[in-house]
Structures are given as structure tokens and as C-alpha cells.
Amino acid sequence: NQNLYFWDVEEGKYKIALSLLQNIGPIKAKTMVAYCGGIEAVFKESKNALAKIDGIGTIAVRELNRSAALARAEEEMNFVVKNGITYNSYLDDGYPAKLKFCEDGPLILFSKGHVDFNKQNIAVVGTRKATPYGKTITDQLIKDLVPHEVQIVSGLAHGIDKVAHEAALRYDLPTIAVLGHGLDLIYPAAHRDLAKTILEKGGLVTEFISHTPGDPSN
């Protein structure tokens, strides 16, 4: 249905744009959505009304880049549709249930592959300069988790992260790689093949739009 498709794209555009508002983090964004009654309403409400919301302030509203955010979000929707990417805003059923209890949880998550956020997740992260002992212990730990049918979550980085993903794949556990950049690239590049394998039995997840570099702060 073409009309339904158009509606999905329009709805997705607003969800993405919310995360692109300048000087408005997750907490303020969620406050505005609650006040206005929905995500799309945030982009249609007057600036004077938004400035009166507790915790928002006139300075943040004055610099609100709603038009630019919507334009960039429309570009991102094209990328999402073209590349078979799934997105879930914090209001969607597919968003991680436990993250909904975090007031500063990401406004939106993009994913590719076979991603079920609400499985029993175990996060395994560690140093990039892992010792042989650390690698062995990580592998054994994940092997011991097999009977519990958990999903291994890590960050695709060198060291322990890589070992964790590889062990999950070796022992037939689903695994999710959480990335600090957009889904248009894989960093480190040396792990591209690993990322492809992860997509077969798990997925890649990020809160960042395409063309976002893997900065340390991410």
C-alpha cells in the first residue's frame, strides 16, 4: 500500500529528526514530546509554547533547528529504506524494554540483521589489548552461558569485544554489536568480515545516523 508506506516514512522522519535537534538531549526531547502529546507535535508547536516547558528554556528553543533536522532526517530515511535498516524510537514496542526505564536512553536505535532487543542479554566488554589469559577466560565464560540461551552484546572493538562476538558465534549464541558510528561503515575496518558474520545470527545496532564517524565520545 503506497499510502501506508508514505505514512511510515513520514512517521520515521519525525522520529529521526527528534534525535537531531540541536542542544536538545534525550531528557529534554522526551519532556517536549510528553508536553506536546507526540513527536510530530514537537515540530509543529510554537517556540513560545516550547519555551514555557519546565527544563527546556528560551535559549535552547531559540536555537532549535527543526527545519534542518527534518531535512536531514528525510535523507536518513532514504538511507534506511535503501539499506533494509530497522529503526525503533523510545516509544515503539520494538525498543529495548529495559532502556525505557532510563530517562537518558537513546531516542532512537537503528539496527540491521536479526535483532531482538528483549532477549536475555549479557554484555561482555573489555580492554582492546587483551592478554591470552583474558581471551581464554572470555571464551570459557561465554561457553558456560550456552545452556542459559543468552544473547551476547558487545562493541565490535579489538580485544575482548572481538573475542566475545567470535565466541558467541562459535557456540551458536546470538550476538549484537553496538556501534559508535552510523551503519554506513564498520570500524575497525579489520572487523568487516566479522560484522558480516554477526549479521547472519545477530545484528548491528547504533543510535547514530549515517555519516557519523566513530569518535571516542560515541
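Gly37 follows helix 2 and has a positive phi, near 95°. The model is predicted.

**Helix 2**
- Helix 2 covers residues 26–36, and its buried residues are Ala29, Lys30, Met32, Val33 and Cys36.
- Viewed down the helix axis, these buried residues fall within an arc of 160°, so they line one face of helix 2.
- An α-helix has 3.6 residues a turn, so residues three or four places apart point the same way.
- The residue that comes after helix 2 is Gly37, with its positive phi.

**Lysines and aromatic rings**
- Lys30, one of the buried residues of helix 2, lies over the face of Tyr90, 5.1 Å from the ring centre.
- Lys13 has its charged end over the ring of Tyr14, at 5.6 Å from the centre of that ring.
- One aromatic pair is present in the structure.

**The largest pocket**
- The volume of the largest pocket is about 910 Å³.
- Its lining is made up of 36 residues, and those closest to the pocket centre are Val153, Gly155, Val178, Leu179 and Val205.
- Strand 3 (121–123), strand 4 (151–154), strand 5 (175–179) and strand 6 (203–206) are the elements that each give two or more residues to this lining.
- Sorted by class, the lining of the largest pocket holds 19 nonpolar, eleven polar and six charged residues.

Notes:
Residues numbered from 1 in each chain as written. Predicted model: local features only at pLDDT ≥ 70, side-chain atom pairs only at ≥ 80, totals over all residues. Heavy atoms only, no water. Buried < 20%, exposed > 50% of the residue type's maximum accessible area, 1.4 Å probe, protein only. Helix = DSSP H or I, 4+ residues; strand = E, 2+ residues; numbered from the N terminus. Arc of directions from axis to C-beta. Phe/Tyr/Trp six-rings, centres within 6.5 Å; stacked < 30°, edge-to-face > 60°. Lys NZ or Arg CZ within 6 Å of the ring centre and 35° of its normal. 1 Å grid on protein atoms, 1.4 Å probe; cavity = no way out; pocket = protein on both sides within 12 Å on 5 of 7 lines; lining within 4 Å. Points joined across faces, edges and corners; volume = space filled by probe spheres on them. Nonpolar A, V, L, I, M, F, W, Y, C, P; charged D, E, K, R; others polar.
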